[in-house]
Amino acid sequence: MSAPNFIDLYSDTRTQPTEDMKHFMMSAKVGDEQKDEDPTTRLLCDRVADLLGKEAAVFLPSGTMCNEIALAIHCRPGDEVLCDRSSHIINFEAGGPAALAGAMVRAIDGKRGIFSAADLAEAIRPESRTAPRTRLVSIEQTANLGGGAVWPLATIREVMAVARKSQLAGHLDGARLLNAVVASGVSARAYAEPFDSAWIDLTKGLGGPVGAVLTGSKDFIHEAWRLKQRWGGAMRQSGILAAAGVYALDHHVDRLADDHLNAQLLARGLARLPGISISPENVETNIVFFDIDVAGLSAPDFVVAMKERGVVLWASGTKTVRAVTHLHITSGHIEAAVAVVEDVLRKKESVQSPAN
Ligand SMILES: Cc1ncc(COP(=O)(O)O)c(C=O)c1O
């Protein structure tokens, strides 16, 4: 846990509820959510179902549970899910697709988390007695490990047209869907329309403390409730938490544009520094990936040195570092963080150059 005086660029999950959000949460009307009687949770679900243009929605403790419940509904054991190699469901869900849905996952090698209709067509297995049945395609909007890249609506439509030809279902992991909406001007409804299931996270750019909302048809959400109950995700007075989501939808969506500007500022600041490899033109939303190109300095070592100077980042590989902008990051923080990077790189250089 980082101290409040850190410039925490580790993730947009590091946000704390604001004072106004906390006040709104405190005054939420609540009931028994497990019986679908919590008015604030119902309000949040109605709002998100409408936002994504789906019939129904369910409030869940996390985005991970949204993905896992959706996969378990769409797939029977032995079925195959197609998604990009960088996907959260492959890398960060503790083997959930195998353990919970009994599904196989086949990775597609997209570019920055985005694959084409042709890539998908290549990966769909022809009907056969011996092959697993390809059943579902899942995409991330935005693509997290793809550097917050935004799937163009046209690509989504082409991909889902190919999927439908082979009777595949479609799932949209919208952990950062609203970042894509703000960056592109395309509506959340348009992005979600081609998919059977879609969700948004409340705990990332939106700045809520807990939860995500999964949407789909009435039948789909009926099934989702069964798994939510089975897996222990049904809650009681969850309106306290859902209120944060309602508040965030009203107050924290348009401001995502600030996070995108700050990410650009960071990318451009880093691009000026020798020893940093980055393509600012790839920074479309709030996620910035860059490489450390200094002999003898690994990304994990760089991240430790940065933290010692008060800036928290994530080393996603031996050379690669991720920074994410969010609700608590200002342009002043970005300027300070770039100065710290410069300082860390300069110190490393002076240690390396022979004294004379
Ligand atoms: C693309 C993506 N999907 C799913 C998740 C999981 O969300 P949660 O942390 O709410 O479980 C994350 C979280 O980082 C994510 O980035």
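**Aromatic pairs in the fold**

Phe115 and Trp151 are both buried, where buried means under 20% relative accessible area, exposed means over 50%, and partly exposed lies in between, with a 1.4 Å probe and protein chains only. This is a predicted model, in which local features need pLDDT of at least 70 and side-chain atom pairs count only at pLDDT 80 or more, while totals for chains, interfaces and linings use all residues. Residues are numbered from 1 along each chain as its sequence is written, and side-chain values use heavy atoms, with hydrogens and water left out.

The structure holds four aromatic pairs; rings of Phe, Tyr and Trp (its six-membered ring) pair if their centres lie within 6.5 Å, and planes under 30 degrees apart count as stacked, over 60 as edge-to-face and the rest as tilted. One of these pairs joins Phe115 and Trp151 in an edge-to-face arrangement, with 5.0 Å from centre to centre and 90° between the planes. This pair links distant parts of the chain, since Phe115 lies in the loop between strand S4 (104-108) and helix H6 (117-123), and Trp151 lies 36 residues away in the loop between strand S5 (134-140) and helix H7 (153-165). Helices (H or I, at least four residues) and strands (E, at least two) are DSSP runs, numbered from the N terminus.

Phe290 and Phe302 are each buried.

Now for the wider picture. The protein has 14 helices and 13 strands, and buried residues make up 53% of its 356 residues. Among contacts (heavy atoms within 4.5 Å) between residues at least 6 apart in sequence, 74% join residues at least 24 apart. The C-alpha atoms fill a box of roughly 75 × 55 × 35 Å, taken along the principal axes.

The C-alpha atoms of His251 and Asp20 are separated by 9.9 Å, although the two residues are 231 residues apart along the chain.
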